[in-house]
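Which charged side chains pair with one another in a protein, and how are such pairs placed between surface and interior? The report that follows takes up these two topics.

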Amino acid sequence: MSTGSGQRLLLVDDNPTRRSELGFALESRHGYRVTPAATVREARDRLAESPDYVAVVTRATLAEQDAIPLLQRVTRTPGVAPVVVVIATPDEQGLRRLAWSERANAVRTEPLDETELAAALRTVLLHRQSRLDALMLQQELATSVDHLTDVLVQVLEAAVPGSAHRSAELVRLVSGIGAHFTMEPNHGDDLLRAARLFEVGRINSMASDGQGSRWPNLASARLLAQVPSLVNVASLLEHVSANWDGSGYPPGVQRGEIPLRSRILRVASDALVAMSNGRELGRVVEDLGSEGGRLYDPAVVA
């Protein structure tokens, strides 16, 4: 099977003879479908016309300008962008460094024949496919975890009526607090799952003991720790019981050792309990503030 297997490639070169010869070689010997372009503007037009290009091969210097604006256009495009291979001359050291800094997938120095270029393309495209496969697996896992979370919330509501409403309120609170902090997207997802499953341990017999009643998050953590895809959520729930000054559970865990998401959950869940017991919001905020630095992270309370 040819290397390119019919994949579309944009070849940007202002030398018509070189462009034609290299394009022919990449098509006839390596199986790519090559679209030629002579300028950055023409290359941008071709990319705008079709989202199907898997790769852009460009000379570092073109007649009108260097190829860096084209590289920036490709690498900053949302979604799945083509890989970019930049071909530079030996004296274009500055452009080579700049191309790497602008996230070129490969930078090759002339002299470079079509076999070496095809090998570079094969390497970066395999890496790209590996990243796409990993992303797809992550998305599939997230979907299955979300479905499992939905089922657990429904089972909990059947066993403990009113829990679904409380979990929705907790999600609302942690979302509001979490918006003030910078988190990775998957971290935010786990935080919201932990909020939804905060009380799920109540469906387990362990929730009937004193600790489970006082700290439903601990019973939930023990239950969810048995599910591989929810281990991170279980850890967040376990650390909700940790106090800022190190006096909580797990023993000795304090300050920055407590995950930020657990600190957010602690403040939000305690606030929700207080408001559910009829305390006014202003009084709840005052009480939380008085315990900032002892039970709670002062930044989260703020």
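With a relative accessibility of 39%, R294 counts as partly exposed in this predicted model, and its salt-bridge partner is E291, with 2.7 Å between the closest N and O atoms.

Side chains of opposite charge can pair when their charged atoms come close. The structure holds 19 salt bridges, and three of them are set out here.

| Salt bridge | Closest N and O atoms |
|---|---|
| R29 and E114 | 2.9 Å |
| E169 and R172 | 2.9 Å |
| E291 and R294 | 2.7 Å |

R29 and E114 form a salt bridge, and because R29 sits in the loop between α1 (16–28) and β2 (33–37) while E114 belongs to helix α5 (residues 114–159), this pair ties together parts that are 85 residues apart in sequence. The two partners also fall into separate accessibility classes: R29 is exposed, at 55% relative accessibility, whereas E114 is buried, with a relative accessible area of 13%.

Which residues are linked in a network of salt bridges? They are D13, D14, R18, R59 and E110.

Definitions and conventions. Residues numbered from 1 in each chain as written. Predicted model: local features only at pLDDT ≥ 70, side-chain atom pairs only at ≥ 80, totals over all residues. Heavy atoms only, no water. Salt bridge = Lys/Arg side-chain N within 4 Å of Asp/Glu carboxyl O. Helix = DSSP H or I, 4+ residues; strand = E, 2+ residues; numbered from the N terminus. Buried < 20%, exposed > 50% of the residue type's maximum accessible area, 1.4 Å probe, protein only.
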